[in-house]
Amino acid sequence: MARPKKNQEGPSAQERIEQAFWTLLDRNGYEGITVSALSRTANVSPNTFYYHYDNIEAVARKAFGENLIRDIPRFILEGRHEKLDAVISENKDSLAQRARRIALFAASESGILRTIVLESFTRIWMDTIGIDEADLSEEERLSVDFIAHGIVSVLARASTLDLARIYPAFLESSLGQGAIAEMRAIERRHSKSQNA
């Protein structure tokens, strides 16, 4: 397929498609999004849509990924709350929108969107501690799943929560400290086995 022409100033076709995705997700839910509606809302042809994306799920994955702040898990695990506070402060203008968008996924009835959230958060945490998910023991996998599902449950309520206030309090709670301690323990166990 030939590359579509850029026939207008402003956002690229991909940016318009992603913005249209967020608009339609908020308005219609995931199940109500079609390629036709995305194309119409983004002012692109269906051919242009398919040039950039294989399907609606591909748009969802890319759009979701662009709303994540990937440094947060490292700051949490290292106990660098000043860095976490700085990231929150630096992103204050976009944090509310990011939280709302993540909440749209986490609170969705769509299994696809909830899977994207769980996979994304699990992958970020595994990348942060430098472990391939396939190398986790069954017990570690259960711990990681429990933590990821807990994060998603909190994020599902993000549109009604002040995340900048809630997360630091959660991280200081016994449950938050336990989750952090478990991730650190998994990281240490795998670090030792790699060095042996």
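The model is predicted, so local features need pLDDT of at least 70, side-chain atom pairs count only at pLDDT 80 or more, and totals for chains, interfaces and linings use all residues. Residues are numbered from 1 along each chain as its sequence is written, and side-chain values use heavy atoms, with hydrogens and water left out.

**Exercise 1.** Describe the secondary structure of the chain.

*Solution.* Begin with the terms: helices (H or I, at least four residues) and strands (E, at least two) are DSSP runs, numbered from the N terminus. Counting them gives eleven helices and zero strands. Next, the C-alpha atoms fill a box of roughly 55 × 35 × 30 Å along the principal axes.

**Exercise 2.** Locate the largest pocket and name residues that line it.

*Solution.* A pocket is an open set of points on a 1 Å grid over the protein atoms alone, where a 1.4 Å probe fits, with protein on both sides within 12 Å along at least five of seven lines; lining residues have an atom within 4 Å of a point. The lining holds 32 residues, of which Ile72, Ile76, Phe121, Ile151 and Tyr167 lie nearest the centre. Finally, elements giving two or more residues to this lining include α5 (72–77), α8 (111–129) and α11 (174–195).
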